[in-house]
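Welcome! Take a moment to look over the sequence and the 3D structure, and then we will walk through some parts of them together.

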Amino acid sequence: MKPLQQNGIFGLVRRSLVLFLPVVLLSPPPPSVASLRHFRSTAATMSNSHSPPVVKKVEHKMELFGDVRIDNYYWLRDDSRKNSDVISYLQQENAYTELVMSGTKQVEEQIYAEIRGRIKEDDISVPERKGSYYYYERTLQGKEYVQYCRRFVPRGEESLSVHDTMPTGPGAPPEHVILDENVKAQNQSYYSIGAFEVSPNNKLVAYAEDTKGDEIYTVYIIDAETGASVGKPLVGVTSYLNWAGDDALVYITMDEILRPDKAWLHKLGTEQSTDTCLYHEKDDMFSLDLQATESKKYLFIASESKFTRFNFYLDVSRPQDGIVVLTPRVDGVDTFPSHRGNHFFIRRRSAEIFNSEVVACPLDNTSATEVILPHRESVKIQDIQLFLNHIVVFEREDGLPKIVVYSLPDIGEPLKSLEGGRAVDFTDATYSVYLSDSEFSSSILRFCYSSMRTPPSTYDYDMKTGVSILKKVEAVLGGFDITKYVTERKWATALDGTKVPLSIAYRKDLVKLDGSDPLLLYGYGSYEACVDPSFKGSRISLLDRGFIYVIAHIRGGGEMGRQWYENGKLMKKKNTFTDFIASAEYLIENKYCSKEKLCINGRSAGGLLIGAVLNMRPDLFKAAVAGVPFVDVLTTMLDPTIPLTTSEWEEWGDPRKEEFYFYMKSYSPVDNVKAQDYPDILVTAGLNDPRVLYSEPAKFVAKLRDMKTDHNLLLFKCELGAGHFSKSGRFEKLQEDAFTYAFILKSVNMIPALGN
């Protein structure tokens, strides 16, 4: 599924977010003392037998188009998450995993200490100036979660510039903690804030809270100074949330299958039951999205499927007037609007203009669109960001992201085609860059840059002069030296001759590049998601042990443009898998590794990738990690009662149609497990996962245990108090990385002897 895009200090902006297969998510209470005792006794029992759990078989027959499938593990799906047999089985799997990995505990703890030791635990984000305040997040020594803070901008401060710095220390305006997640997370096994929105007048804050990992939120409104509650919470909502003026909110709710389907206007001080429904999307192929313009004058409510998106706008100065159609629904046309002055600016995509164009139209005549940046076959327009006097275009060319800045005429002057754009220069061979929130009325663009060897670096870029000022480099402690690491870009050749880009990183003083080095290959390849190579501090623990790390930018993703995505979905989905296999073969042929040292990793839809290639070429890999994997493709996509199955038919195909049925069956991992040798495998899941039902990986593991012919590792770890994104604390997540790396090291025989 498409990852959330960090945008700005407070909150997550979901740009073109694809929701991936949510499921019914009634979560159980925290494990009781009795269940914990059962878990420990199960582990003790297994320590005597050293045998993996054996799950019972209950035949479940499914027939369509004359084809009969038998699913002996269908019973593992329990939407209530309370079935004692299911919970017991998951606990047994966890206990077995703990037992098998007990010999690597010392290494796991060492890796965890390394990873955590690279973090500056007490730190702040780069302050973001909004009106009369600087806003930022603070982390504290030893604390899992962040504080949301602000300070006044000193009186008489000049207008915003790239040299703007928040005063601290004696004489500076004092820091005010608006909200401390560490306090809110007390007594919670999971805690996540999905939106944190400050009102236009800076007096109030609305935030969306999830305490289960099921991505069903409660919105609280508080006084930004005192923290006092304002009105009653909004319950059962999504994290799509924006202010409509200083005394109203717009938010989105979901239907019974967790499809965002209704947009609401809430007036502060009134009951949620009296809120006005602004729009109800009844087509179950479509879901709602909510965006605020950079000018803060309009909100856009969008309804989107996988290849169609249309929009309404709401004037935040008159929210009581309701919404107005901006771009009508036209099948196969995507539109993403924004606003400046007396024009709406729209990024528009269709089958013919597949890499998008930018058009503009007057506010009072939205059908009179004029192209200001035309479609180009070799350049994908991924996003735009508007300022008072500039437009920033976020592009992709040859698989790499680009930022191009254009000047705009004064508001009221006629718009012209964009010409003479200035591109921002980047240094690494392969890298990641994303736009951050910036002050609309300024000429300062903020962006964050990183690569697999360059820590996240936040820049302020003066669009008038072209001057970039580095505002902050994320501290990496523990003696990290960027000069020791190398990033490369190579191209593998797919079965049909297509060139597949690879991003590669390693430590140059440790690798031999003679085929003997261990290597971890990562892939995703779905939903047009761009997996740009960015920095991850925990990955250094692999690179410092001589690993090579590679990302395969396979079809189904969006790195090489819209057609790269189109050629890796529906009836071309297998290109995703064969691209990954071709990438692995390229790495072996070019002496980056050997089969005996090649490990692979993927998550969610990337977990589908891992499951598929394991069935297709199990001989090619030494170890595989499949995180919350979407592996029961056919059964899930045949059940329209499972949340969002219907909207996913445009991504994978509708298996109620014979052509799609047999094509999807030919790669669905659960349906293609066979009696053959498999490499070492680690599979993870989250019991409360609303995107990939925990029973999918559970069934995959059970069937593998029953059918595989080897004695290699097969471990299953299910977090019983988390969802799709696993544990919520920042250090808890590091523990998971350490565990995964310990599994990989164990598989390639790189666990040192005790005492060594």
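Which side chain meets that of K402 in a salt bridge? The partner is E397, with N and O 3.1 Å apart. Before we go further, please keep in mind that this is a predicted model. Both residues of the pair are partly exposed: K402 has a relative accessibility of 27%, and E397 comes to 28%. These values count as partly exposed because they fall between the 20% limit for buried and the 50% limit for exposed.

The pair is one of 52 salt bridges that the structure holds. Another joins the side chains of D632 and K699, with 2.5 Å from N to O.

Now let us turn to a sheet. Strands of a sheet pair through backbone hydrogen bonds, in either a parallel or an antiparallel way. In this model, 8 strands form an open sheet with mixed pairing, and their order is β33-β34-β36-β35-β37-β38-β39-β40. The edges are taken by β33 (485-493) and β40 (714-719); each has a single partner strand, so one side of each is left without a neighbour in the sheet. On average, neighbouring strands of this sheet are turned by 15° against each other, direction ignored.

You can find T487 opposite A505 of β34. Elsewhere, helix α8 (residues 605-616) lies across β35 (519-523), β37 (598-603), β38 and β39 (680-686). This helix α8 runs at about 140° to β37.

Finally, how confident is the predictor, and where is pLDDT under 50? The protein has a mean pLDDT of 91, and 92% of its residues reach 70 or more. Over residues 1-48, however, pLDDT stays under 50. For that stretch the model has 144 contacts beyond four places in sequence.

Terms used. Residues are numbered from 1 along each chain as its sequence is written. This is a predicted model: local features need pLDDT of at least 70, side-chain atom pairs count only at pLDDT 80 or more; totals for chains, interfaces and linings use all residues. Side-chain values use heavy atoms; hydrogens and water are left out. A salt bridge is a side-chain nitrogen of Lys or Arg within 4 Å of a carboxyl oxygen of Asp or Glu. Buried means under 20% relative accessible area, exposed over 50%, partly exposed in between (1.4 Å probe, protein chains only). pLDDT is the predictor's confidence in each residue, from 0 to 100. Contact means heavy atoms within 4.5 Å. Two strands pair if DSSP finds at least two bridges between them. Helices (H or I, at least four residues) and strands (E, at least two) are DSSP runs, numbered from the N terminus. Axes are lines fitted to C-alpha atoms, for helices over the stretch in contact, and angles run from 0 to 180 degrees between N-to-C directions.
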